[in-house]
Amino acid sequence: MTRAGRHTALPQQAPSAHDPELRAAARHFGRRRFLTVTAAAAALAFSTNLPTPGAARAAALDAARISDNPFTLGIASGDPTPSSVLLWTRLAPSPYEPGGGLAQQSVLVQWEVASDEQFRTVVRTGIATAFPEYNHSLHIDVEGLAADREYFYRFRTGAYISETGRTRTAPATAAATAKLTFAAVSCQAYHDGYFTAHRHLSKDDVDIVFHLGDYLYEYAVNSQGGARGYTDRKLPDVFNREAKTLEDYRLRYALYKSDPDLRASHAAHPFIVTWDDHETENNYAGAVDEKNDPPEEFLLRRAAAYRAYWENQPLRAAQLPKGPDAQLYRRIQWGSLAQFDVLDTRQYRSDQAYGDVQHVPGPESDDPGRTITGAAQEDWLINGWRSSNALWNVVPQQVCFSQRKLDLNDPAKVSMDAWDGYRASRDRVLAGVKSSGIKNLMVLTGDVHVGYAFDIKESFDDPGSKTLGTELVATSVASGKDGADRPGNWETYTKANPHLKFYNGRRGYVRVELGRDVARADFKTVSAVTTPGAPVSTAASFVTEAGDPGLKPA
């Protein structure tokens with residue numbers, strides 16, 4: 001038994017790139033408004049260098065005095081490498097109260113990693129401190145693990161032991177891995193229904209799960225849980241308002257993470273997460289919010305949302321926000337089989353063109369200076385392809401990458417929030433696909449609350465043009481309520497977009513198996529989410545061959 005792991009909750013940070021805007025915001029707000037409306041977000045934005053080692057002075061709580069289970073929000077793991085994995089939990093004996101019922105006291109927690117589910121062989125263990133400054137969250141970077149292995153983990157504090165989680169490490173970078181199975185999920189609006197897809201996913205045999213964004217929604221959740229229609233409980237009023245402050249977002253994560261189906265999914269599989277818009281605010285673009293508030297005001301809210309996101313996800317210290325800035329894009333290697341380039345298409349994008357309404361492409365949306373990724377992330381992505389030795393190059397990201405005409409007119413309207421509203425960005429990325437020589441591009445997408453399967457074309461307006469890759473769009477877990485197998489626009493979309501090979505409007509997830517010769521995608525759906533316990537079925541299955549991109553029915 002070896003003590004090897006880094007407690008990543010106390011990194012030293014450089015100032016935020018947006019410090020001038022935040023200082024301007026502080027000058028802008030009157031004292032009364034500052035203290036009553038944005039106090040939590042502002043305090044966060046100006047305190048991102050704290051606590052530092054030796055600076056945190058929270059009183060320590062004797063864990064033996066914790067009288068209720070502190071592991072109400074479950075456990076999680078994520079971002080596996082060949083020698084390490086990130087473990088997460090957050091202590092909250094009273095999850096729907098500010099501070100989780102622990103107030104401003106720090107708590108010592110033991111963590112264990114074993115090679116067997118019974119913990120007969122514990123291979124790593126350690127003690128970490130859950131600080132109130134990070135809402136009693138723990139991010140343990142467990143190092144010194146064997147490559148391509150399954151492990152089990154748990155946490156202990158006082159008289160309580162968490163549930164047991166299952167995780168795994170990635171294969172060695174050069175390993176000729178034969179197979180990888182993963183799932184992709186997105187968009188889980190609590191108020192729209194139960195997380196039944198997560199319950200089924202928790203029982204599925206996959207190696208990793210990608211969450212493509214909208215992990216939570218900022219919208220109000222009433223006492224009945226919205227479409228869940230609770231009759232056996234009443235949610236507190238703290239959820240029945242839009243989340244705007246740090247405390248709002250922290251409490252909203254407590255609501256979501258107390259869901260038993262989501263907890264089961266996290267315990268069963270390591271997650272690789274990225275955000276979309278609703279973790280902060282609907283359809284925001286960089287420093288511009290939906291309501292066109294002054295950017296310095298919105299950046300305070302963004303700082304609060306980003307901080308709460310990191311506190312509640314299995315992410316390393318490298319992703320800890322600096323005020324309203326956080327580098328979430330990152331690369332995960334899976335032997336020589338796959339390279340995953342996880343994108344952030346929210347933080348660095350230009351504002352949506354034409355007021356963010358459905359619109360035909362035009363000079364405003366096609367301005368070559370516009371970007372959905374930002375220049376640095378775009379270069380990072382393309383340079384990563386140029387140095388890639390992976391068979392499959394997979395891009396988990398947020399919004400529809402392929403062209404998606406919304407009507408049968410010529411020209412047709414498209415979404416200004418998706419890559420269709422940033423065609424110059426998409427053209428540069430597709431040019432990078434061709435110049436880098438990668439042969440097996442796969443894009444993973446969420447956002448739209450339906451399942452799609454696209455062929456990525458060299459020219460989307462020419463069905464006979466070369467196919468450069470495939471795009472798999474994971475439907476929502478709950479957003480959009482029950483949905484339908486064929487939404488009302490099904491015929492229009494399938495006629496307008498010949499490269500669209502599948503369209504289904506039920507809830508669920510997509511399951512993908514990558515092999516050396518072929519990749520297979522199974523679109524899993526559930527019949528209902530407004531009532532619990534619906535069965536899962538496979539709506540459709542497709543394959544794409546290595547070296548010959550294009551989707552074919554399986």
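**Figure 1. Overview of the predicted chain.** Of the 554 residues in the chain, 62% are buried. The model is predicted. The chain holds 10 helices and 24 strands. Of the contacts between residues at least 6 apart in sequence, 71% join residues at least 24 apart. The accessible surface comes to about 20000 Å². Carbon and sulfur atoms account for 48% of that surface.

**Figure 2. Q397 in its loop.** Q397 sits in the loop between β16 (392–396) and α9 (423–436). Its relative accessibility is 0%; buried means under 20%, so Q397 counts as buried. The Q397 side chain makes a polar contact with the side chain of T445, at 2.7 Å.

**Figure 3. Residues around Q397.** Leaving aside residues up to four places away in sequence, Q397 touches L212, L343, T345, W419, V443, L444, T445, G446 and E471. T445 is also the side-chain polar partner of Q397.

**Figure 4. Helix α8 against helix α9.** Helix α8 spans residues 375–386, and its axis comes within 8 Å of the α9 axis. The two axes cross at roughly 15°. Angles under 35 degrees count as roughly parallel, and α8 and α9 are therefore roughly parallel to each other. The crossing of α8 past α9 is right-handed.

**Figure 5. Residues at the α8–α9 contact.** From α8, the contact is made by E378, L381, I382, W385 and R386. From α9, S425, R428, V429, G432, V433, S435 and S436 take part.

Terms used
Residues numbered from 1 in each chain as written. Predicted model: local features only at pLDDT ≥ 70, side-chain atom pairs only at ≥ 80, totals over all residues. Heavy atoms only, no water. Helix = DSSP H or I, 4+ residues; strand = E, 2+ residues; numbered from the N terminus. Buried < 20%, exposed > 50% of the residue type's maximum accessible area, 1.4 Å probe, protein only. Contact = heavy atoms within 4.5 Å. Areas by Shrake-Rupley, 256 points an atom, 1.4 Å probe, with all protein chains shown as cover. Polar contact = N/O pair within 3.5 Å; in protein donor to acceptor, adjacent residues only side chain to side chain. Axes fitted to C-alpha atoms, helices over the stretch in contact; angles between N-to-C directions. Parallel < 35°, antiparallel > 145°, perpendicular 65-115°, else oblique. Left-handed = near helix turned anticlockwise from the far one by under 90°.
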